[in-house]
Amino acid sequence: MSTPYATAQSQLDEAAALLKLPSDVHQLLREPMLEVHVRIPVRMDDCSVKVFSGYRVQYNNARGPCKGGLRFHPEETIDTVRALAAWMTWKTAVVDIPLGGGKGGVVCNPKELSELELERLSRGYMRKIAHFIGPDLDVPAPDVYTTPQVMAWMLDEYEAITGRSGKGVITVKPLELGGSPGRHDATARGGMYTLREAANKLGLDLGQATAAIQGFGNAGMHAHELLSSLFRTTVVAVSDSKGAIYNPTGLDVKAVSEHKLARGSVAGFPGAKSISNEDLLELEVDVLVPSALENVITNENAHKIRAKVIAELANGPTSPEADQVLHERGIVVIPDFLCNAGGVTVSYFEQVQNGGMDRWKLEMIHKRLDETMTAAFNEVWETRERMQVHSRLAAYLVAVRRVAEACTLRGWVGHRC
Ligand code: NAD
């Protein structure tokens, strides 16, 4: 099976061929520009020392400082971090915010660390990478198993090392330390704005539509809330790792959330039928919102999907083969790095607020997020129609062209003799 980085490179290769990218530009965009590998000694609670491996990859900064999350995960690899850094580069470019792409990771299992060990590890990682990052260089944020509290410890360590206030060095901070309003539902909200645009193109009335959502975490739960409150869409099915529930007359988000809080899962919600996660994907609904895992729509089930639109809040839910099948069947996919770019967009707003010592009102965040996502969706849609390609490839064409142009304008590449 292909590794994530090999997948990221082959997606770029396909876009590069269609864009007829000169080979120097293509080669530059195939690899990260900078990689930092660190070893972090951490004093454990039993007084022993454990040494952890960490990475920070700055994939490309031609359009602005690198931006991307930091994961604490026992199976973290440099291959995954490189791929995620590449995808961040295309994500910031497709929504046209003035940032590049980066990603970080530490190989550890936070569930096995005490709170004090987690703090020492977070500060230790920051001590190793502090001189490579900064508001104008590279700005981390939370990702898998890292939290606003981890960001707060890292901010504090960074400021202790540099001897000055540098709030913009990290985003998704607690509000008290310069975090932005509106970040909690930004990923789902941005995705819903792109869904509204897709529905307009297709003549689909979201007020009369039905939806199914796979995953009921940050992305999926807020998607349920927003589908109901923004559009009055009837959400007929939701799921989590323990199972899926279905009620053709609709599921109330507040009641389902309360059930999940009390029981740890949406499974067993009274008044709904229990179905499998596979069945959920194949339901006859207008909108399908994968919000959990990668690789859930594949060659195996792509021909059975009955939704008209798939809004990919999860990263990588659709395999490349399935993309082609869905395209041929006329199903519109809003690709992950466009659909879920609302999170990084509001992180960017946080950087802007920090730089200007400002705090924006929530209405302003929503308005600017809507403008950004709507413009990005329409640019990708126009490219899809003009080039007659599936939506993911269209999004790549928009993003890669922007990054390639920035590299060329800087004189990094291009034939000049
Ligand atoms: P989360 O951990 O809050 O929620 C994940 C949900 O998926 C949980 O409800 C979990 O039970 C469910 N799940 C796990 N295995 C499942 C399975 N086999 N079948 C069905 N459901 C399953 O994570 P999140 O932040 O909501 O992220 C979800 C996806 O969205 C990921 O792919 C993530 O990379 C992507 N994403 C999230 C953000 C964000 O801001 N939260 C931003 C960009 C992309």
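Guide: A cavity is a set of grid points where a 1.4 Å probe fits but cannot get out. Keep in mind that this is a predicted model. A search of the whole structure finds two cavities of 30 Å³ or more.

Take the largest cavity. Its space is about 50 Å³. The lining consists of Asp323, Leu326, His327, Ile331, Val333, Arg384, His390 and Ser391. Helix 10, residues 320–328, gives the most to this lining, with three residues. By type, the lining of the largest cavity has three nonpolar, three polar and two charged residues.

Now the second largest cavity. About 40 Å³ of space lies there. Around the second largest cavity stand Val332, Val333, Ile334, Pro335, Leu338, Phe377, Val380, Trp381, Arg384 and Ser391. Look again at Val333, Arg384 and Ser391. They line the largest cavity, and they also line the second largest cavity. Helix 13 gives the most, with four residues.

Pockets come next. A pocket is an open set of points, whereas a probe in a cavity cannot get out. The second largest pocket holds about 200 Å³ of space. Its lining has 14 residues, and Lys167, Gly178, Gln353, Asn354 and Met357 lie nearest its centre. Sorted by type, the lining of this pocket has two nonpolar, seven polar and five charged residues.

Last, the ligand. It is surrounded by 20 residues, and the closest are Thr187, Asn218, Ala219, Ser241 and Asn315. Of the shell, six residues are nonpolar, 11 are polar and three are charged. Now zoom in on oxygen atoms of the ligand. A polar side-chain atom of Thr187 lies 2.6 Å from one oxygen atom. An N or O atom in the side chain of Asn315 is 2.9 Å from a ligand oxygen. Leu313 uses its backbone: an N or O atom there lies 3.3 Å from an oxygen atom of the ligand. On its own, the ligand has 830 Å² of accessible area, and the protein covers 68% of that. Helix 7 (218–231) and strand 7 (234–240) are the elements that give two or more residues to the shell.

Technical notes:
Residues are numbered from 1 along each chain as its sequence is written. This is a predicted model: local features need pLDDT of at least 70, side-chain atom pairs count only at pLDDT 80 or more; totals for chains, interfaces and linings use all residues. Side-chain values use heavy atoms; hydrogens and water are left out. A residue is near a molecule or strand if one of its heavy atoms lies within 4 Å of it. A polar contact is a pair of N or O atoms within 3.5 Å; within protein, one must be able to donate a hydrogen and the other to accept it, and residues adjacent in sequence count only if both atoms are side-chain atoms. Accessible areas come from the Shrake-Rupley method with a 1.4 Å probe; for residues, only the protein chains shown count as cover. Ala, Val, Leu, Ile, Met, Phe, Trp, Tyr, Cys and Pro count as nonpolar, Asp, Glu, Lys and Arg as charged, and the others, Gly among them, as polar. On a 1 Å grid over the protein atoms alone, a cavity is a set of points where a 1.4 Å probe fits but cannot get out, and a pocket is an open set with protein on both sides within 12 Å along at least five of seven lines; lining residues have an atom within 4 Å of a point. Grid points are joined across faces, edges and corners, and a volume is the space filled by probe spheres set on the points.
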